[in-house]
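Thank you all for coming.

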Amino acid sequence: QASERCLGLRAMVQHKEGKSTALTSTSDLSAEAIQGIADDTVALARATAADEFAGLPDEPSAHDFPDLGTHPPADRQVSIEDRIEAAQKAEHAARD
């Protein structure tokens with residue numbers, strides 16, 4: 001829902017055998033909860049088996065993106081607040 005807030009964290013850990021990752025999320029945005037989920041995410045990544053494909057790519061996988069004309073240039077000028085308002089209106093209309 002547009003009124004909910006949550007935090008997602010991804011940790012990437014380098015092991016001798018390779019890299020491992022973990023992904024967690026929480027809707028508790030208190031400082032204590034954020035510290036706790038950060039600690040838990042790193043611990044989970046450390047406990048996860050190494051994976052040769054884990055982590056960020058060594059080189060970018062795509063180059064020279066063509067402009068497909070799918071987004072009008074004026075769209076780039078829409079503020080975040082206006083985008084949130086439009087999303088909330090669409091969500092409300094879908095529920096009615």
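Let me start with Q14, which stands opposite K19 in strand β2. What we are looking at is a predicted model, in which local features need a pLDDT of at least 70 and side-chain atom pairs count only at pLDDT 80 or more, while totals for chains, interfaces and linings use all residues. Residues are numbered from 1 along each chain as its sequence is written, and side-chain values use heavy atoms, with hydrogens and water left out.

The pLDDT is the predictor's confidence in each residue, from 0 to 100, and the protein chain averages 88, with 97% of the residues scoring at least 70.

Now to the strands. Helices (DSSP runs of H or I, at least four residues) and strands (runs of E, at least two) are numbered from the N terminus. Strand β1, residues 7-14, and β2 pair in the antiparallel sense over 8 bridges, where pairing requires that DSSP finds at least two bridges between two strands. Together β1 and β2 form a hairpin with 4 residues between them, and G18 in the turn has a positive phi of about 145°.

Turning to helix α1, we find A33, I37, T41 and A45 buried. Seen down the axis of α1, the buried residues fall within an arc of 100°, so they line one face of the helix; the arc is that of the directions from the helix axis to the C-beta atoms. These buried residues pack against β1 and β2, with contact meaning heavy atoms within 4.5 Å, while the face turned away from the buried side carries the exposed residues A31, E32, R46 and A47.

Finally, the structure holds 2 salt bridges, each defined as a side-chain nitrogen of Lys or Arg within 4 Å of a carboxyl oxygen of Asp or Glu. In one of them, the side chains of K89 and E85 meet at 3.3 Å, N to O, and both residues lie in helix α2, residues 80-95, 4 residues apart, about one turn of the helix. The side chains of R95 and E91 also meet in a salt bridge, at 3.1 Å, N to O.

Key: Buried < 20%, exposed > 50% of the residue type's maximum accessible area, 1.4 Å probe, protein only.
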